[in-house]
Amino acid sequence: MRCNRHQAAFVLSLLLGLAACGRVSTEQSVSDQPAHHVDGGFRNTSADFQRPSSLTRWRFMARRLWASYTSPRAFEAPRVANDGKALQAGLINPSITWVGHATLLVQMNGVNALTDPQWSERASPVSWGGPRRLSAPGLAFEDLPPIHVVIISHDHYDHLDLTTVKRLADTHNPLFLVPLGMKAWFAKNGMNHVEELDWWQEREYRGVKFVCLPAQHFSQRTLWDGNERLWASWAMLSLERRLYFSGDTGYFDGFKEIGRKLGPFDLAAVAIGAYVPPEIMKSVHTTPEEAVQTSIDLNARILLGIHWGTFDLAEEPLEEPPGRMLAEVRRRGIDRDQAWIFNIGETRKW
Ligand code: ZN
Ligand code: ZN
């Protein structure tokens with residue numbers, strides 16, 4: 001559907017508002033609380049963390065909006081057919097499937113878990129505007145095996161999609177594990193099988209330990225809720241396998257600490273897309289090269305590049321992230337078998 005002028009104006013004001021209000025009003029830390037807790041929300045704690053100025057964000061959002069209406073980009077990421085039958089039968093153990101963007105289906109220890117599930121046409125608060133899906137999900141929603149646990153990294157629309165999580169709650173009734181501050185959002189939307197965790201807190205589910213971990217990012221769904229809900233990365237740990245999921249994060253010193261405390265990991269799924277322009281993205285999204293460094297910091301055997309090729313969120317060429325990741329892997333003399341780029345819908349044993 002083509003937007004009318006009012007709708008376009010609404011989106012423009014929303015995006016400009018988001019650009020301008022990307023933080024809580026005060027960043028006073030709260031006594032007796034961890035350093036990332038502030039009055040009314042949360043913050044990043046790396047000394048070198050910097051958010052761009054409101055003007056820089058304003059300009060970026062206006063440019064994105066203009067480009068999305070005047071010259072929308074098309075891109076079909078390579079894909080393979082996946083009817084979900086082998087996954088439903090539990091034939092691949094443990095398995096990991098890239099549905100697209102940051103959505104992974106992970107099977108380990110008999111537990112089926114989804115990360116940041118997104119099956120919608122758009123990553124947006126409205127159905128008629130905002131970043132449109134470029135490639136269909138690699139696994140039809142109906143073909144999912146029973147989902148036991150869903151982990152959410154943060155509240156941005158490309159990671160927390162209301163339609164998808166409602167549908168999951170209705171059809172699979174999974175346990176949603178979410179960062180602090182997000183449980184109320186789920187409750188408001190009628191979903192109560194939800195537990196919220198702070199960084200470094202963990203929840204065991206049938207022999208798999210889910211650990212909520214630091215990330216360097218931010219949160220926001222409306223004009224008024226900047227950084228009110230925590231953002232996180234996650235680990236899934238069993239006796240057999242150890243997986244790390246980055247969500248969205250800039251490159252920061254927290255990866256080394258996570259690697260020290262929880263490594264080695266068998267597999268690290270790290271975001272490699274949405275890094276241009278750097279003045280906007282550098283502090284909150286890893287580049288493909290930084291994703292490689294991240295997997296080294298985490299002490300991960302395999303790096304899987306995610307968060308690319310599915311939604312048009314930034315200004316790099318849509319096909320660029322995998323090539324840059326693999327070039328960096330070559331340059332650093334890392335075994336090619338340890339660097340995974342999936343086709344959409346692809347499943348691998350890990
Ligand atoms: Zn985000
Ligand atoms: Zn994202």
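These exercises, each with a worked solution, concern a predicted model.

**Exercise 1. Which residues coordinate the zinc ion (ligand 1), and how are they spaced along the chain?**

Step 1. List the donors. They are H154 (NE2), H156 (ND1), H217 (NE2) and D248 (OD), at 2.1 to 2.4 Å.

Step 2. Read the spacing. Along the chain, these donors give H-x1-H-x60-H-x30-D.

Step 3. Check burial. Buried means under 20% relative accessible area. H154 has 1% and is buried. H217 has 0% and is buried too.

**Exercise 2. Name the protein donors of the zinc ion (ligand 2) and locate D158 and H307.**

Step 1. List the donors. D158 (OD), H159 (NE2), D248 (OD) and H307 (NE2) lie 2.1 to 2.2 Å from the ion.

Step 2. Write the sequence pattern. For ligand 2 it is D-H-x88-D-x58-H.

Step 3. Locate the pair. D158 is in the loop between β6 (149-151) and α4 (162-171). H307 is in the loop between β14 (300-306) and α9 (320-331). The two residues are 149 residues apart, and the pair links distant parts of the chain.

Step 4. Check burial. D158 is buried, at 8% relative accessible area. H307 is buried at 2%.

**Exercise 3. What geometry do the sites of ligand 1 and ligand 2 have, and which residue coordinates both zinc ions?**

Step 1. Recall the cut-off. Four donors count as tetrahedral if all angles lie between 85 and 135 degrees.

Step 2. The angles among its 4 donor atoms run from 91 to 167°, and the site is irregular.

Step 3. D248 bridges the two zinc ions, which lie 3.8 Å apart.

**Exercise 4. Describe the setting of S238. Is S238 buried or exposed?**

Step 1. S238 belongs to the loop between β11 and β12 (242-245).

Step 2. Judge its accessibility. With 9% relative accessibility, S238 is buried.

Step 3. Look for a polar partner. A polar atom of the S238 side chain lies 3.1 Å from the backbone nitrogen of E240.

Step 4. Look beyond sequence neighbours. Leaving aside residues within four places in sequence, S238 contacts M108, N109, G207 and V208.

**Exercise 5. Where is F49, and what does it touch?**

Step 1. F49 lies in the loop between β2 (41-42) and α2 (54-70).

Step 2. Judge its accessibility. F49 is buried, at 16% relative accessible area.

Step 3. List the contacts. Not counting residues up to four places away in sequence, F49 touches N44, Q216, S283 and V284.

Step 4. Compare sequence and space. F49 and V149 are 100 residues apart in sequence, with 32 Å between their C-alpha atoms.

**Exercise 6. How many residues line the second largest pocket, and which lie nearest its centre?**

Step 1. Take the volume. The second largest pocket holds about 320 Å³ of space.

Step 2. Take the lining. It consists of 19 residues. S124, P125, Y157, L162 and R221 lie nearest the centre.

Step 3. Assign elements. α4 and α5 (183-188) each supply at least two residues of this lining.

Methods: Residues numbered from 1 in each chain as written. Chains lettered and ligands numbered in written order. Predicted model: local features only at pLDDT ≥ 70, side-chain atom pairs only at ≥ 80, totals over all residues. Heavy atoms only, no water. Donors = N, O, S within 2.8 Å, 3.2 Å for Na, K, Ca; no water. Helix = DSSP H or I, 4+ residues; strand = E, 2+ residues; numbered from the N terminus. Buried < 20%, exposed > 50% of the residue type's maximum accessible area, 1.4 Å probe, protein only. Tetrahedral: all angles 85-135°; square planar, octahedral: opposite > 155°, others 65-115°. Polar contact = N/O pair within 3.5 Å; in protein donor to acceptor, adjacent residues only side chain to side chain. Contact = heavy atoms within 4.5 Å. 1 Å grid on protein atoms, 1.4 Å probe; cavity = no way out; pocket = protein on both sides within 12 Å on 5 of 7 lines; lining within 4 Å. Points joined across faces, edges and corners; volume = space filled by probe spheres on them.
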